[in-house]
Amino acid sequence: MATELNGQTAVVTGASSGIGRAIAVALAGRGARLVLHALENRSGLEATREAIEQAGGEATMLLADLSNHEGRRRLVDDAWSAPVDIWV
């Protein structure tokens, strides 16, 4: 695993599939800790987290509806429990 992003935290929205998953896995491969977000695809988000962890990375998950204020607030509050360096 590369280390250029060691110590940095990245939030990736839409990380349960497609380009969001690919971005999350790529950032983790460079050493970033991940906060993974999806609207409701828990199984997809778990698959992304498992891929990251199997490669030696670290990831947490959060399901939230970003179309409403409460969902956005929850994502921001949870993600910013540590400083966030990258937001996708």
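Does Ser16 count as buried or exposed, and at what relative accessibility, is a matter of one value: which is it? In this predicted model, Ser16 has 9% relative accessibility and therefore counts as buried, the cut-off being under 20%. The residue is located in the loop that links S1 to H1. Apart from neighbours within four places in sequence, Ser16 has contacts with Arg21, His37, Ala38, Asn41, Gly44, Leu45 and Thr48.

Four positions of H1 are buried, namely Gly20, Ala24, Leu27 and Ala28. These residues lie on the same side of H1 because they cover an arc of only 100° around the axis. An α-helix has 3.6 residues a turn, so residues three or four places apart point the same way. On the other side of H1, Gly18 and Ile19 are exposed. The packing partners of the buried residues of H1 are strand S1 (9–12), strand S2 (33–38), helix H2 (42–54) and strand S4 (86–87). After H1 comes Gly31, with a positive phi near 105°.

The description now turns to the largest pocket, with a volume of about 170 Å³. Its lining consists of 13 residues, and Leu34, Val35, Thr60, Asp78 and Ser81 are those nearest its centre. S2, strand S3 (59–63) and helix H3 (69–79) each give two or more residues to this lining, with S3 supplying the largest share, 4 residues.

How values were computed: Residues are numbered from 1 along each chain as its sequence is written. This is a predicted model: local features need pLDDT of at least 70, side-chain atom pairs count only at pLDDT 80 or more; totals for chains, interfaces and linings use all residues. Side-chain values use heavy atoms; hydrogens and water are left out. Buried means under 20% relative accessible area, exposed over 50%, partly exposed in between (1.4 Å probe, protein chains only). The arc is that of the directions from the helix axis to the C-beta atoms. Contact means heavy atoms within 4.5 Å. On a 1 Å grid over the protein atoms alone, a cavity is a set of points where a 1.4 Å probe fits but cannot get out, and a pocket is an open set with protein on both sides within 12 Å along at least five of seven lines; lining residues have an atom within 4 Å of a point. Grid points are joined across faces, edges and corners, and a volume is the space filled by probe spheres set on the points.
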